[in-house]
Amino acid sequence: MTNSKSMLAKLMATENIEVIYGNFSTAWFDVQNRRLGMPYTNSDNKDVIDLFTGHEVGHALYTPMSLLTKAHKQKINHSIVNVVEDARIERKIKKTYPGLLRSFFNGYQELWQKDFFSVKDEDSNKLPLIDRINLHFKIGDYLMIEFNAQESEFVRMVSETETYADVTTVAELIYKYVGDQQKDQKPVAPQNSQDGQEQSSGDASTSPEASEESSEDVEEQSP
(Lines give C-alpha, C1' and ligand atoms only; values in the text may rest on other atoms or scores of the structure.)
Protein backbone atom coordinates (compact mmCIF):
# COMPACT_ATOMS: atom_id res chain seq x y z
CA MET A 1 0.00 0.00 0.00
CA THR A 2 2.76 2.42 0.95
CA ASN A 3 4.71 1.58 -2.22
CA SER A 4 1.72 2.30 -4.45
CA LYS A 5 1.04 5.59 -2.66
CA SER A 6 4.71 6.56 -2.93
CA MET A 7 4.61 5.93 -6.66
CA LEU A 8 1.38 7.93 -6.95
CA ALA A 9 2.96 10.87 -5.13
CA LYS A 10 5.98 10.80 -7.46
CA LEU A 11 3.80 10.64 -10.54
CA MET A 12 1.64 13.53 -9.36
CA ALA A 13 4.67 15.61 -8.42
CA THR A 14 6.25 14.82 -11.82
CA GLU A 15 9.61 14.29 -10.11
CA ASN A 16 11.40 11.62 -8.13
CA ILE A 17 10.65 13.05 -4.69
CA GLU A 18 11.59 11.00 -1.63
CA VAL A 19 8.52 9.68 0.19
CA ILE A 20 8.98 8.78 3.88
CA TYR A 21 6.43 7.05 6.12
CA GLY A 22 6.60 7.48 9.89
CA ASN A 23 4.72 8.23 13.10
CA PHE A 24 4.12 11.83 12.10
CA SER A 25 1.15 13.82 13.39
CA THR A 26 0.37 14.94 9.84
CA ALA A 27 1.79 14.90 6.34
CA TRP A 28 4.58 17.35 5.47
CA PHE A 29 6.79 18.35 2.58
CA ASP A 30 10.38 19.58 2.76
CA VAL A 31 10.52 22.08 -0.10
CA GLN A 32 14.30 22.38 -0.05
CA ASN A 33 15.23 18.69 0.14
CA ARG A 34 12.21 17.46 -1.86
CA ARG A 35 11.09 14.98 0.79
CA LEU A 36 7.44 14.12 1.46
CA GLY A 37 6.57 12.76 4.91
CA MET A 38 3.42 10.65 5.23
CA PRO A 39 1.97 9.55 8.60
CA TYR A 40 0.90 6.01 9.30
CA THR A 41 -2.85 6.11 9.79
CA ASN A 42 -5.42 3.65 11.10
CA SER A 43 -8.11 5.31 8.99
CA ASP A 44 -9.98 2.93 6.72
CA ASN A 45 -10.95 5.90 4.54
CA LYS A 46 -8.56 6.09 1.60
CA ASP A 47 -9.75 9.66 1.01
CA VAL A 48 -7.69 10.79 4.01
CA ILE A 49 -4.52 9.30 2.48
CA ASP A 50 -5.36 10.81 -0.90
CA LEU A 51 -5.97 14.15 0.82
CA PHE A 52 -2.59 14.09 2.56
CA THR A 53 -0.86 12.99 -0.63
CA GLY A 54 -2.59 15.58 -2.80
CA HIS A 55 -1.93 18.38 -0.34
CA GLU A 56 1.79 17.70 -0.02
CA VAL A 57 2.22 17.12 -3.75
CA GLY A 58 0.59 20.53 -4.13
CA HIS A 59 3.46 21.97 -2.10
CA ALA A 60 5.94 20.01 -4.22
CA LEU A 61 4.50 21.47 -7.40
CA TYR A 62 3.65 25.01 -6.40
CA THR A 63 5.48 26.14 -3.24
CA PRO A 64 8.94 27.59 -4.05
CA MET A 65 11.73 28.04 -1.54
CA SER A 66 11.63 31.76 -2.28
CA LEU A 67 8.22 31.99 -0.57
CA LEU A 68 9.64 30.84 2.75
CA THR A 69 12.72 33.04 2.34
CA LYS A 70 10.67 36.12 1.49
CA ALA A 71 8.28 35.56 4.41
CA HIS A 72 11.23 35.18 6.77
CA LYS A 73 12.91 38.37 5.55
CA GLN A 74 9.69 40.35 5.83
CA LYS A 75 9.08 38.90 9.31
CA ILE A 76 5.56 37.80 8.43
CA ASN A 77 3.90 35.36 10.84
CA HIS A 78 4.61 31.92 9.38
CA SER A 79 1.28 30.51 10.58
CA ILE A 80 -0.51 33.09 8.45
CA VAL A 81 1.72 32.41 5.44
CA ASN A 82 1.09 28.67 5.79
CA VAL A 83 -2.69 29.06 5.89
CA VAL A 84 -2.78 31.35 2.85
CA GLU A 85 -0.38 29.11 0.92
CA ASP A 86 -2.36 25.98 1.85
CA ALA A 87 -5.50 27.52 0.36
CA ARG A 88 -3.62 28.40 -2.84
CA ILE A 89 -1.91 25.05 -3.43
CA GLU A 90 -5.02 23.03 -2.60
CA ARG A 91 -7.05 25.06 -5.08
CA LYS A 92 -4.37 24.51 -7.75
CA ILE A 93 -3.85 20.78 -7.11
CA LYS A 94 -7.61 20.14 -7.31
CA LYS A 95 -7.68 22.01 -10.59
CA THR A 96 -4.75 19.97 -11.91
CA TYR A 97 -6.21 16.67 -10.67
CA PRO A 98 -10.03 17.06 -10.52
CA GLY A 99 -10.33 13.49 -9.25
CA LEU A 100 -9.06 14.75 -5.89
CA LEU A 101 -12.09 16.95 -5.30
CA ARG A 102 -14.14 14.24 -3.60
CA SER A 103 -11.11 12.95 -1.68
CA PHE A 104 -10.46 16.42 -0.25
CA PHE A 105 -14.10 16.87 0.71
CA ASN A 106 -14.52 13.45 2.32
CA GLY A 107 -11.04 13.46 3.85
CA TYR A 108 -11.49 16.77 5.63
CA GLN A 109 -14.92 15.70 6.89
CA GLU A 110 -13.35 12.65 8.56
CA LEU A 111 -10.47 14.69 9.96
CA TRP A 112 -12.95 17.17 11.43
CA GLN A 113 -14.99 14.40 13.05
CA LYS A 114 -11.78 13.02 14.59
CA ASP A 115 -10.92 16.51 15.89
CA PHE A 116 -7.75 16.68 13.82
CA PHE A 117 -7.71 20.48 14.22
CA SER A 118 -8.25 20.29 18.01
CA VAL A 119 -11.07 22.86 17.93
CA LYS A 120 -14.13 20.68 17.33
CA ASP A 121 -15.62 21.42 20.75
CA GLU A 122 -15.02 25.16 20.50
CA ASP A 123 -17.19 27.88 18.98
CA SER A 124 -15.62 28.25 15.52
CA ASN A 125 -16.78 31.85 15.26
CA LYS A 126 -14.75 32.82 18.33
CA LEU A 127 -11.45 31.44 17.03
CA PRO A 128 -8.65 33.79 15.90
CA LEU A 129 -9.09 35.12 12.37
CA ILE A 130 -6.39 33.00 10.76
CA ASP A 131 -7.83 29.81 12.30
CA ARG A 132 -11.27 30.68 10.95
CA ILE A 133 -9.81 31.32 7.51
CA ASN A 134 -8.00 27.98 7.66
CA LEU A 135 -11.18 26.08 8.58
CA HIS A 136 -13.20 27.96 5.98
CA PHE A 137 -10.98 26.79 3.14
CA LYS A 138 -10.49 23.25 4.45
CA ILE A 139 -13.91 22.35 5.86
CA GLY A 140 -16.00 24.72 3.74
CA ASP A 141 -19.59 25.78 4.31
CA TYR A 142 -20.19 22.86 6.67
CA LEU A 143 -19.19 25.07 9.61
CA MET A 144 -20.82 28.30 8.37
CA ILE A 145 -18.01 30.39 9.84
CA GLU A 146 -18.79 34.08 10.28
CA PHE A 147 -16.59 36.96 9.13
CA ASN A 148 -17.09 40.71 9.43
CA ALA A 149 -16.82 42.96 6.37
CA GLN A 150 -13.04 43.42 6.56
CA GLU A 151 -12.44 39.75 7.30
CA SER A 152 -14.63 38.73 4.37
CA GLU A 153 -12.42 40.85 2.14
CA PHE A 154 -9.40 38.89 3.36
CA VAL A 155 -11.22 35.63 2.60
CA ARG A 156 -11.83 36.85 -0.94
CA MET A 157 -8.19 37.85 -1.35
CA VAL A 158 -6.99 34.45 -0.13
CA SER A 159 -9.32 32.72 -2.60
CA GLU A 160 -7.82 34.70 -5.48
CA THR A 161 -4.10 34.18 -4.78
CA GLU A 162 -2.32 32.85 -7.86
CA THR A 163 1.40 33.34 -7.20
CA TYR A 164 3.63 33.11 -4.14
CA ALA A 165 3.98 36.89 -4.35
CA ASP A 166 0.20 37.12 -3.86
CA VAL A 167 0.49 34.87 -0.81
CA THR A 168 3.06 37.02 0.96
CA THR A 169 1.13 40.21 0.11
CA VAL A 170 -2.15 38.89 1.54
CA ALA A 171 -0.41 37.34 4.56
CA GLU A 172 1.24 40.66 5.33
CA LEU A 173 -2.10 42.49 5.17
CA ILE A 174 -3.74 39.96 7.49
CA TYR A 175 -0.77 40.14 9.88
CA LYS A 176 -1.06 43.94 10.03
CA TYR A 177 -4.82 43.77 10.57
CA VAL A 178 -4.48 41.26 13.42
CA GLY A 179 -1.75 43.40 15.01
CA ASP A 180 -3.89 46.54 14.76
CA GLN A 181 -6.83 44.72 16.35
CA GLN A 182 -4.65 43.66 19.26
CA LYS A 183 -3.40 47.21 19.79
CA ASP A 184 -6.98 48.48 19.90
CA GLN A 185 -7.86 46.14 22.76
CA LYS A 186 -8.08 48.08 26.02
CA PRO A 187 -6.69 46.62 29.27
CA VAL A 188 -9.22 45.54 31.86
CA ALA A 189 -9.55 48.11 34.69
CA PRO A 190 -8.92 46.79 38.21
CA GLN A 191 -12.05 46.13 40.27
CA ASN A 192 -12.56 47.38 43.84
CA SER A 193 -13.45 44.84 46.50
CA GLN A 194 -16.28 45.43 48.98
CA ASP A 195 -13.93 46.50 51.75
CA GLY A 196 -12.57 49.32 49.62
CA GLN A 197 -9.27 47.62 48.85
CA GLU A 198 -8.25 47.58 45.20
CA GLN A 199 -8.55 44.05 43.85
CA SER A 200 -6.65 42.99 40.76
CA SER A 201 -6.63 39.73 38.83
CA GLY A 202 -2.87 40.11 38.34
CA ASP A 203 -0.42 42.38 36.59
CA ALA A 204 -0.37 40.23 33.45
CA SER A 205 -4.06 40.80 32.77
CA THR A 206 -4.03 44.53 33.40
CA SER A 207 -0.81 45.48 31.61
CA PRO A 208 -1.22 46.56 27.97
CA GLU A 209 2.21 45.19 27.15
CA ALA A 210 1.47 41.83 28.71
CA SER A 211 -1.92 41.66 27.02
CA GLU A 212 -0.40 42.32 23.61
CA GLU A 213 2.33 39.75 24.15
CA SER A 214 -0.22 37.12 25.15
CA SER A 215 -2.28 37.78 22.03
CA GLU A 216 0.76 37.45 19.83
CA ASP A 217 1.56 34.09 21.42
CA VAL A 218 -1.86 32.83 20.47
CA GLU A 219 -1.44 33.97 16.88
CA GLU A 220 1.95 32.28 16.68
CA GLN A 221 0.39 28.89 17.23
CA SER A 222 0.00 26.81 14.12
CA PRO A 223 -3.67 26.64 13.14
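The largest nonpolar core has 43 residues. Val84, Leu129, Ile133, Leu135 and Ile174 have the most contacts inside this core. The model is a predicted one. The chain has 223 residues, and 41% of them count as buried. It holds 10 helices and five strands.

**Core**

- Helix 4 gives the most, with seven residues.
- Isoleucine 133 is among the residues with the most contacts inside the core. Beyond its neighbours within four places in sequence, isoleucine 133 touches Val83, Phe147, Val155, Val158 and Ile174.
- Ile174, a contact of isoleucine 133, is also listed among the residues with the most contacts in the core.

**Helix 6**

- Nine of the 11 residues of helix 6 are buried, so this helix is largely enclosed by the rest of the structure.
- The buried set includes Leu129, Ile130, Ile133, Leu135 and Ile139.
- Asp131, Arg132, Asn134 and Lys138 of helix 6 are buried as well.

**Helix 4 against helix 5**

- Two packed helices are described by the angle between their axes and the distance between the axes.
- The axes of helix 4 (residues 78-96) and helix 5 (residues 100-113) come within 8 Å. They cross at roughly 135 degrees.
- Helix 4 and helix 5 are therefore oblique to each other.
- On the helix 4 side, the contact is made by Glu90, Ile93 and Lys94. Helix 5 supplies Leu100, Leu101, Phe104 and Tyr108.
- Five of these contact residues are nonpolar, two are charged and none is polar.

**Asparagine 45**

- Asparagine 45 sits in the loop between strand 3 (35-39) and helix 2.
- Leaving out neighbours within four places in sequence, asparagine 45 is in contact with Asn106 and Glu110.
- Asparagine 45 and glycine 107 are 62 residues apart in sequence. Their C-alpha atoms are 7.6 Å apart in space.

**Loop between helix 5 and helix 6**

- Most residues other than glycine have a negative phi.
- Aspartate 115 is not a glycine, yet its phi is positive, at about 60 degrees. Aspartate 115 lies in the loop between helix 5 and helix 6.
- Serine 118 lies in the loop between helix 5 and helix 6. Its phi is near 60 degrees, again a positive value in a residue other than glycine.
- Which exposure class does each residue fall into? Aspartate 115 counts as partly exposed, at 29% relative accessibility. Serine 118 counts as exposed, at 53% relative accessibility.

**Whole chain**

- Among contacts with a separation of 6 or more, 57% join residues 24 or more positions apart.
- The chain exposes about 12,900 Å². Carbon and sulfur atoms supply 49% of that area.

Technical notes
Residues are numbered from 1 along each chain as its sequence is written. This is a predicted model: local features need pLDDT of at least 70, side-chain atom pairs count only at pLDDT 80 or more; totals for chains, interfaces and linings use all residues. Side-chain values use heavy atoms; hydrogens and water are left out. Helices (H or I, at least four residues) and strands (E, at least two) are DSSP runs, numbered from the N terminus. Buried means under 20% relative accessible area, exposed over 50%, partly exposed in between (1.4 Å probe, protein chains only). Contact means heavy atoms within 4.5 Å. Accessible areas come from the Shrake-Rupley method with a 1.4 Å probe; for residues, only the protein chains shown count as cover. Axes are lines fitted to C-alpha atoms, for helices over the stretch in contact, and angles run from 0 to 180 degrees between N-to-C directions. Angles under 35 degrees count as roughly parallel, over 145 as roughly antiparallel, 65 to 115 as roughly perpendicular and the rest as oblique. Ala, Val, Leu, Ile, Met, Phe, Trp, Tyr, Cys and Pro count as nonpolar, Asp, Glu, Lys and Arg as charged, and the others, Gly among them, as polar. A nonpolar core is a set of buried Ala, Val, Leu, Ile, Met, Phe, Trp, Tyr and Cys residues joined through side-chain atoms within 4.5 Å.
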